[in-house]
Amino acid sequence: MSPSEPASEDLSLLQLIDRLEVGPVRTEPRRLVAPYTIIHQNGRSDSCELVYRYEEDVFGLAGDPAEENLTALIAAQVAVNYGLFCREIVFHGPFDAADRTFLTEMAALAARDVYVRKLLRPKPFFTSWVAQVPVVRLESYLLAQLRFPDAASAAAAPAWEVSESRTAVLSSGGKDSLLSHQILAELGQETHPVFVNESGKHWFTALNAYRHYAARVPNTARVWTSSDRVFAWLLRHLPFVKPGYTRHNWPGYPIRVWTVPVFLFGILPLLKKRGIGRLVTGNELDTTVRSSHEGIQHYFCLYDQSRYFDLYLGEYFRRKGWNVRPFSILRPLSGLLIQKQLLRRYPEMLRLQTSCHRAHPAGGRMWPCGRCEKCVGVMAVLTAFGGDPAACGYSPGQVERCLRELPQQGTWQEPYALEHLAFLLHEKGVLPAAMVGSYRAARHSEMMKLRFDGDASDLGDVPEDLRYPLFRLLLEHAEGAVTAVNDEWIDFDPCSV
């Protein structure tokens with residue numbers, strides 16, 4: 001199959017998959033299996049299985065409508081990414097009205113961000129055919145018709161019995177989840193670190209942290225999933241994606257923008273079984289962003305990490321009777337401040353931090369590559385705050401090369417954070433060029449403060465019993481707190497409100 005030439009200024013040329021069918025789901029006490037099947041108009045079909053595997057019994061007897069509803073929703077999340085490329089997506093399972101609205105609205109958001117941020121911007125993953133995709137302003141970029149042939153009229157499920165004293169932390173080897181867990185534990189919360197083990201090399205970045213937590217932290221859990229295999233299988237049905245793109249180790253993903261819910265929904269059976277009432281993710285302030293490209297609004301492919309999604313998901317869970325509150329305790333923090341907090345408060349955890357696109361095994365542990373954009377960011381920020389990148393596995397030669405190439409290579413942070421990073425490094429005398437990528441050194445003290453603006457970060461996002469103990473703890477290694485007033489940051493005390 002090869003993509004056809006565009007016949008008109010519309011996006012029908014992108015509908016390269018005739019029908020994608022998801023389910024029906026099969027379950028065992030510790031396993032969920034959902035077939036993904038592509039069916040073409042000529043009758044040719046191809047299938048792949050999405051699998052989730054748990055280390056304890058989480059599913060009961062077949063025929064439970066509530067369980068069938070939950071497992072169908074888990075299975076559906078991968079497909080949310082492909083509403084721009086299918087003529088039809090069929091979701092098998094007892095989806096109620098709230099589910100159908102949720103999947104339709106999220107598929108529309110994902111389709112728009114894929115179109116704007118993936119297809120309309122140059123990407124090394126794609127063939128030159130993508131240059132022919134026209135810029136079209138549509139009310140909706142969800143080209144697929146979503147069908148729910150087994151839809152239920154209402155959710156046939158009692159409310160989940162959960163405790164707000166139990167908190168699940170979606171965990172990995174990144175600074176965000178490490179800091180989130182350590183803070184919650186220090187505040188005396190009953191924590192349940194839950195790691196999602198994708199079957200490919202993505203798991204390498206989490207392995208050091210998982211081994212540590214599994215050996216030392218009660219309630220640590222792991223959920224294995226084949227989602228990365230399903231993503232790769234789906235890409236083979238999009239002929240504009242270069243074959244063998246994974247060999248080049250390019251950062252990012254060719255298509256998927258709906259990734260966090262593949263993990264979040266996958267761990268819900270554990271939360272239900274353990275009676276966990278809170279779900280913490282390590283999302284910071286700069287993942288809540290909106291912008292426009294050619295007059296088309298989008299979320300920078302970060303909607304599933306944004307505060308908007310936390311609020312939407314929390315309301316959706318309440319309508320379902322699941323009584324799980326999703327939130328992040330790091331929303332007021334910049335990426336710079338998160339790394340500083342981990343360095344200053346929990347320096348022993350730095351040896352577990354693996355923020356790298358190409359981590360690799362050696363000597364019984366995982367090591368960062370020292371060259372990718374994520375590695376560059378970790379080395380630069382630790383150096384700026386007087387930390388030793390060797391604690392995260394970096395050699396002196398890698399650090400030297402990082403600082404030498406930083407003015408040209410740059411790294412990922414919000415723009416003011418990059419300017420402040422350049423300022424800190426230049427002030428220490430380790431960055432003579434006073435540049436990080438295209439950003440010139442400039443002091444932005446608000447990057448090192450807790451920021452509350454009512455949009456990306458709000459005081460009320462954190463449950464009341466945690467709110468002030470959390471802010472007092474964070475302020476020990478922050479330079480104060482600010483709130484947005486008429487587009488200016490004004491100092492204030494969040495513990496006095």
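Biologist: Which residues do ring pairs link into a cluster?

Modeller: In this predicted model, ring pairs join Phe-102, Trp-160, Trp-258, Phe-265, Tyr-299, Tyr-303, Tyr-308, Phe-309, Tyr-312, Tyr-316, Phe-317 and Trp-322 into a cluster.

Biologist: How many aromatic pairs does a search of the whole structure find?

Modeller: The search finds 29 aromatic pairs. One of them joins Phe-95 and Phe-148, whose ring centres are 5.5 Å apart and whose planes stand at 65 degrees. Planes over 60 degrees apart count as edge-to-face, so the pair of Phe-95 and Phe-148 is edge-to-face.

Biologist: Where in the chain do Phe-95 and Phe-148 lie?

Modeller: Phe-95 belongs to the loop between β5 (86-91) and α2, while Phe-148 belongs to the loop between β6 (145-147) and β7. The pair therefore ties together parts that are 53 residues apart in sequence. Phe-95 counts as buried, at 1% relative accessibility, and Phe-148 also counts as buried, at 14%.

Biologist: What geometry does the aromatic pair of Phe-195 and Trp-203 have?

Modeller: The pair of Phe-195 and Trp-203 is edge-to-face, with 6.4 Å from centre to centre and 90 degrees between the planes. A residue is called buried when its relative accessible area is under 20%. Phe-195 counts as buried because its relative accessibility is 1%, and Trp-203 is buried with a relative accessible area of 9%.

Biologist: How far apart are the C-alpha atoms of Phe-195 and Gly-314?

Modeller: They are separated by 21 Å, and the two residues are 119 residues apart along the chain. Gly-314 is part of helix α7 (residues 307-320) and counts as buried, at 4% relative accessibility.

Biologist: With which residues is Leu-238 in contact, leaving aside its neighbours within four places in sequence?

Modeller: Leu-238 is in contact with Leu-16, Ile-17, Tyr-82, Phe-85 and Ile-255. Phe-85 and Leu-238 are both among the residues that touch the most other members of the core.

Biologist: Let us turn to the strands. In which sense do β7 and β8 pair, parallel or antiparallel?

Modeller: Strand β7 (residues 163-171) pairs with β8 in the parallel sense, over six bridges. Within this pairing, Arg-166 has Glu-190 of β8 as its bridge partner. From β7 the chain passes through helix α3 (residues 175-186) to β8, in a right-handed β-α-β crossover. Eight of the nine residues of β8 are buried, so the rest of the structure largely encloses this strand.

Biologist: How does β9 pair with β8, and how with β4?

Modeller: Strand β8 (residues 190-198) and β9 are parallel, with five bridges. The bridge partner of Asn-197 in β9 is Trp-224, and that of Glu-198 is Thr-225. The path from β8 to β9 runs through helix α4 (residues 204-216), and this β-α-β crossover is right-handed. Strand β4 (residues 45-54), in contrast, pairs with β9 in the antiparallel sense, over three bridges. Trp-224 of β9 is the bridge partner of Arg-53 and, as stated above, of Asn-197.

Biologist: How many residues of β9 are buried?

Modeller: Four of the five residues of β9 (residues 221-225) are buried, and the strand is mostly covered.

Biologist: A last topic is the cysteines. How many disulfides does the structure hold?

Modeller: In general, a disulfide is a covalent bond between the sulfur atoms of two cysteines. This structure holds zero disulfides. For Cys-402, the nearest cysteine sulfur is that of Cys-375, 9.1 Å away. The cut-off for a disulfide is sulfur atoms within 2.5 Å, and Cys-402 is in no disulfide.

Biologist: Is Cys-402 buried or exposed, and what is the relative accessible area of Cys-495?

Modeller: Cys-402 is buried, since its relative accessible area is 4%. Cys-495 has a relative accessible area of 25% and is therefore partly exposed.

Definitions and conventions: Residues are numbered from 1 along each chain as its sequence is written. This is a predicted model: local features need pLDDT of at least 70, side-chain atom pairs count only at pLDDT 80 or more; totals for chains, interfaces and linings use all residues. Side-chain values use heavy atoms; hydrogens and water are left out. A nonpolar core is a set of buried Ala, Val, Leu, Ile, Met, Phe, Trp, Tyr and Cys residues joined through side-chain atoms within 4.5 Å. Buried means under 20% relative accessible area, exposed over 50%, partly exposed in between (1.4 Å probe, protein chains only). Contact means heavy atoms within 4.5 Å. Helices (H or I, at least four residues) and strands (E, at least two) are DSSP runs, numbered from the N terminus. Two strands pair if DSSP finds at least two bridges between them. A crossover is right-handed if, with the strands pointing away from the viewer, the path from the first strand over the helix to the second runs clockwise. Rings of Phe, Tyr and Trp (its six-membered ring) pair if their centres lie within 6.5 Å; planes under 30 degrees apart count as stacked, over 60 as edge-to-face and the rest as tilted.
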